[in-house]
Amino acid sequence: MNDQHLAVRGASKRFGTASVLDDLSLAVARGEFVSLLGPSGCGKTTLLRCIAGLLRLDAGSIAVAGRDISALPAHRRNVGVVFQNYALFPHLTVAQNIGFGLRAQGVPAAAAAPRIAEALALVRMAEFADRPVTALSGGQQQRVAVARALVVRPTLLLLDEPFSALDRKLRETMQVELKHLLREVGITAIFVTHDQEEALVVSDRIAVMNAGRIEQLADPATLYQRPASLYVLDFVGQSMRLGGTVSAAGLGEVTVETRLGTVRAPGAFAPGSRVVVAVRPEAVTLTETPPGGRNTLAARVSEVSFLGSRTQLHLDLPAGEDRGVVELPRLPPGIGPGSAVPLAFPIADTMVFPAA
């Protein structure tokens, strides 16, 4: 990668007999915002803490700006960290919290003052400088935690699920604000989250982690539209999935026989292969006579979920299949639980994976 800023190579970490990081490598460009996404126990927070110097790798290396920091203690890595609970000091004011790292570095008060003022302005908290942090809202405390991390001018910023304590509306606002702020500062950032929507909103690229390894690293659109595995498909977004057997293959396309009918998809599998075909819910329309280049199936609606700007239809699929989801901008009249519906979706948007 050009202008590589963070390089993690062959990282391994064990706790007793449990392998938490398994020969993991990651490269991040200067100024890039990369999210580590995955369920609890996949290794994302352990990786973050190893980069920060709070844990030591058992094997592998970590370099920032071409400098190997693997053996350095946390206080010598110049890496900023925003923790899940913000870790602010309740007995200090906002300005004192932000300036804490500068005092720890031995920066004189006269030199620290303009840097604290700059950090306050950056997060739009200047008017709160003399207030105790206990008087702030959750979103304001989050801004203070970010300012405290940035004021020491770190070479890398690490954020460990910093929005998890916020309500949904404030969380969505802070996601956009943080992305804008980091763009403005131009800092390289690693963001840990288990929330797929959050990762899609804030990231330049997302690393989906599974059992201590990176399953796929890609930009949000590629990750959603072209997941590399069933694991990534399931973890990022919803889908309609059907198991089947390849009946024909050629010219970069396969024909799959499923229990709802025949489905065509881009791919290369030998006839007789057991596969899973999938399509994202917004790619499906309820059309009996669609234009060419589309797969057509029929199913029955089990539930209808109104989500404001869109409506989801949950489908009854044959026993042993995952429940399918179709997403529509509005619900057609006469459609409800028990309704039989025609399904149409582009062959080009249909995905195929080897069966587990």
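Colleague: Into which domains is the protein chain divided?
Modeller: In this predicted model, local features need pLDDT of at least 70 and side-chain atom pairs count only at pLDDT 80 or more, while totals for chains, interfaces and linings use all residues. Residues are numbered from 1 along each chain as its sequence is written, and side-chain values use heavy atoms, with hydrogens and water left out. The bounds come from an automatic or database domain assignment, and the chain is divided into domain 1 (4-234) and domain 2 (238-354).

Colleague: How many helices and strands does the protein chain have?
Modeller: Helices (H or I, at least four residues) and strands (E, at least two) are DSSP runs, numbered from the N terminus. By that rule the protein chain has nine helices and 19 strands.

Colleague: What area do domain 1 and domain 2 bury between them?
Modeller: Contact, meaning heavy atoms within 4.5 Å, joins 10 residues of domain 1 to 13 residues of domain 2. Buried area is the accessible area (1.4 Å probe) that two parts lose on being put together, summed over both. Carbon and sulfur atoms carry 50% of the buried area, whose total is about 920 Å².

Colleague: Which three residues supply 62% of the area that domain 1 buries against domain 2?
Modeller: No other three residues of domain 1 supply more of this area. The three are Y224, L230 and L233.

Colleague: Which side chains meet in a salt bridge at 2.7 Å?
Modeller: A salt bridge is a side-chain nitrogen of Lys or Arg within 4 Å of a carboxyl oxygen of Asp or Glu. The count between domain 1 and domain 2 is one. The N to O distance is 2.7 Å, and the side chains are those of R241 and D234.

Colleague: Which elements give two or more residues to the side of domain 1 that touches domain 2?
Modeller: By class, this side of domain 1 has six nonpolar, two polar and two charged residues; Ala, Val, Leu, Ile, Met, Phe, Trp, Tyr, Cys and Pro count as nonpolar, Asp, Glu, Lys and Arg as charged, and the others, Gly among them, as polar. The elements in question are α8 (220-225) and α9 (230-235).

Colleague: Why does D23 count as partly exposed?
Modeller: D23 lies in strand β2 (residues 18-29) and, leaving aside residues up to four places away in sequence, touches G10, A11, S12 and R213. Buried means under 20% relative accessible area, exposed over 50%, and partly exposed in between (1.4 Å probe, protein chains only). D23 counts as partly exposed because its relative accessibility is 45%.
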